[in-house]
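These are my notebook entries on one chain, written while I looked through its sequence and its structure side by side.

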Amino acid sequence: MSNHAVHDAATSGARAAPARRRRTPSLWVGWLYFGGMMMLMLGVFNVIEGLVALFNDEYYVATPQGVLLFDITGWGWIHLIIGLIAIAVGIGVFTGATWARICGVILCGINALVQLVFLSAYPIWAVLVIALDILVIWALIVHGDEARE
């Protein structure tokens, strides 16, 4: 009875739910991969910047008008930690994971603020990194959902 009843219910005019169409990603998905690659590169740059600050305190010269809240060694640790996290999140962005995109946006925002505070010690580099952070945030927010597909 059960097989016959199930078969009758399935064929008695009841339609199965339509199969979910798979949307093909557009060429804009390249921006997401660009954002992931930039996160990897920014992470490596931050690690290098942090290691330089840790091993050679006199490399960065802060001006008296600058807003350095810590000494250069403290900023070295901050850059090193942010860089290592950015490398891990950048790898996660290539998988299309939502957590990686969210963490990437938050991390790039934090990195931009850190670079803004570090601006007096290394101004040209900090401005370039802030610009790249903004571009990565845009890529992850606007074109992030296309990588899942």
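Which residues make a nonpolar surface patch of about 330 Å²? I found that Tyr33, Met37, Met41 and Phe94 make this patch. For such patches I took residues with over 30% relative accessible area and no salt bridge, joining like charges within 9 Å and nonpolar side chains (Val, Leu, Ile, Met, Phe, Trp, Tyr) within 5 Å. A salt bridge here is a side-chain nitrogen of Lys or Arg within 4 Å of a carboxyl oxygen of Asp or Glu. The accessible areas come from the Shrake-Rupley method with a 1.4 Å probe, and for residues only the protein chains shown count as cover.

Before going on, I noted that this is a predicted model, in which local features need pLDDT of at least 70 and side-chain atom pairs count only at pLDDT 80 or more, while totals for chains, interfaces and linings use all residues. Residues are numbered from 1 along each chain as its sequence is written, and side-chain values use heavy atoms, with hydrogens and water left out.

**Entry: the whole chain**

I counted 5 helices and 0 strands, in the pattern α-α-α-α-α along the sequence. Helices (H or I, at least four residues) and strands (E, at least two) are DSSP runs, numbered from the N terminus. Of the 149 residues, 36% count as buried, where buried means under 20% relative accessible area, exposed over 50%, and partly exposed in between (1.4 Å probe, protein chains only). The chain exposes about 9,300 Å², and carbon and sulfur atoms supply 72% of that area. Among contacts (heavy atoms within 4.5 Å) between residues at least 6 apart in sequence, 77% join residues at least 24 apart.

**Entry: helix α2**

Leaving aside neighbours within four places in sequence, Leu54 is in contact with Thr73, Gly76, Trp77 and Leu80.

**Entry: helix α3**

Helix α3 has 22 residues and reaches 31 Å from its first C-alpha to its last, close to the 32 Å expected at 1.5 Å a residue; the expected span is 1.5 Å times one less than the number of residues. Its buried residues include Trp75, His79 and Leu80, and their cover includes α2, α4 and α5.

Is His79 buried or exposed? At 0% relative accessibility, His79 counts as buried. Not counting residues up to four places away in sequence, His79 touches Asn46, Val47, Glu49, Gly50, Val114, Gln115 and Phe118.

**Entry: helix α4**

In α4, Ala100, Arg101, Gly104, Leu107, Cys108, Asn111, Ala112, Val114 and Gln115 are buried. They cover an arc of only 160° around the axis, which puts them on the same side of α4; the arc is that of the directions from the helix axis to the C-beta atoms. An α-helix has 3.6 residues a turn, so residues three or four places apart point the same way. The face turned away from the buried side of α4 carries the exposed residues Ile106 and Leu113. What covers the buried residues of α4 includes α2 (29–55), α3 (72–93) and α5 (123–142).

**Entry: helix α5**

In α5, I found Ala126, Val129, Ile130, Asp133, Val136, Ala139 and Leu140 buried, with cover that includes α2, α3 and α4.
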